[in-house]
Amino acid sequence: MRIVGWNIRAGGGRRAEGIAAQLAAWRPDLVVLSEFRGGQASRSIAGALAEQGLAWQRASADARQPSVNALLVASRWPLRRLPTLAPPSDPCRWLPVRVAAPQPFRLLAVHVPNRATGRKVAFLETIAAQAERWHGHAAMVIGDTNTGRIGLDEQAAAFNAYEDAWMRRMGATGWADAFRHQRGGRREFTWYSPNAGNGFRLDQAFVQAPLLARLASFEHRWGGSATVNRSELSDHAAMVLGFSPR
């Protein structure tokens, strides 16, 4: 099973066709898109994913607000929306589903608001609370958290003590950071500031033990001709996770 999590930047825009082609090349069984929107570009990506076999889809986008960032989960297997704690704000950035894969699991797709909104801490607290409720289940929390570890996930100071502690708290309550589980203390970044060019790892997948036991690989991949233009298709790198059969 291959899962791709990717912030596609503002709904895809003119890059939509390239984003869809890149996703096809990665051959995922399940895709989680952040900054999916209710406009035509994002809808075209969803349609292309359906043609690629990811016909089971759940989205949090609102067609009446096509410029609002939301989420899409597209899967080869049936998806069912799950009842969870309600996020304190930004409901379009919270999407919990049950994936009826051969080995079913729960998935919470998230896109955490940035610190400037004043809503970040409350959102992270709700993720942590929901994660505690799912402890012991085959489950994953995945998306753009706008969060990381001080000195480890940043090239310039950006993360504060609360954000660093939140990352540690997820691990302490049994939610392994899939990248760190596979790569240890390696430094890789999923977003670079457009002005200074400093890198940050803003995107994570946290996995509970029953699913972690099957985690075989984790890669960050930049879409398009990354050797020429890293942000050709998105300003974020995708997370590509591989899981072995039970």
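Colleague: Which residues touch the most other members in the largest nonpolar core?

Modeller: In that core of 28 residues, Val 73, Val 99, Leu 107, Met 140, Ile 142 and Leu 241 touch the most other members; a nonpolar core here is a set of buried Ala, Val, Leu, Ile, Met, Phe, Trp, Tyr and Cys residues joined through side-chain atoms within 4.5 Å, and buried means under 20% relative accessible area, exposed over 50% and partly exposed in between, with a 1.4 Å probe and protein chains only. This is a predicted model, in which local features need pLDDT of at least 70 and side-chain atom pairs count only at pLDDT 80 or more, while totals for chains, interfaces and linings use all residues. Residues are numbered from 1 along each chain as its sequence is written, and side-chain values use heavy atoms, with hydrogens and water left out.

Colleague: What does Leu 107 touch?

Modeller: Not counting residues up to four places away in sequence, Leu 107 touches Leu 30, Val 32, Val 73, Leu 95, Pro 96, Val 97, Val 99, Trp 134, Met 140 and Ile 142, where contact means heavy atoms within 4.5 Å. There is also a second, separate core of 19 residues, which includes Val 4, Ile 8, Leu 23 and Ala 74.

Colleague: Switching to strand E1, is it mostly covered or mostly open?

Modeller: Strand E1, residues 2-7, is mostly covered, with 5 of its 6 residues buried; strands (E, at least two residues) and helices (H or I, at least four) are DSSP runs numbered from the N terminus.

Colleague: And which strands does E1 pair with?

Modeller: E1 pairs in the antiparallel sense with strand E14, residues 238-243, over 4 bridges, and in the parallel sense with strand E2, residues 30-36, over 5 bridges, pairing being assigned if DSSP finds at least two bridges between two strands. Gly 5 has Met 239 of E14 as its bridge partner, whereas Trp 6 has Leu 33 of E2.

Colleague: What do E1, helix H1 and E2 make together?

Modeller: Together with helix H1, residues 16-26, the strands E1 and E2 make a right-handed β-α-β unit, right-handed in the sense that, with the strands pointing away from the viewer, the path from the first strand over the helix to the second runs clockwise.

Colleague: Now charges: how many salt bridges does the structure hold?

Modeller: It holds 17 salt bridges, each defined as a side-chain nitrogen of Lys or Arg within 4 Å of a carboxyl oxygen of Asp or Glu. One of them joins the side chains of Glu 163 and Lys 120, at 2.8 Å from N to O, and this pair links distant parts of the chain, with Glu 163 in helix H4 (residues 161-172) and Lys 120 in helix H3 (residues 120-133), 43 residues apart.

Colleague: Are those two buried or exposed?

Modeller: Glu 163 counts as buried because its relative accessibility is 2%, and Lys 120 is buried as well, with a relative accessible area of 5%.

Colleague: Where does Asp 90 lie, and what is it in contact with?

Modeller: Asp 90 lies in the loop between strand E5 (79-81) and strand E6 (94-99), and, leaving aside its neighbours within four places in sequence, Asp 90 is in contact with Pro 113, Arg 119 and Phe 123. Its side chain makes a polar contact of 2.6 Å with the side chain of Arg 119; a polar contact is a pair of N or O atoms within 3.5 Å, and within protein one must be able to donate a hydrogen and the other to accept it, residues adjacent in sequence counting only if both atoms are side-chain atoms. At 19% relative accessible area, Asp 90 is buried.
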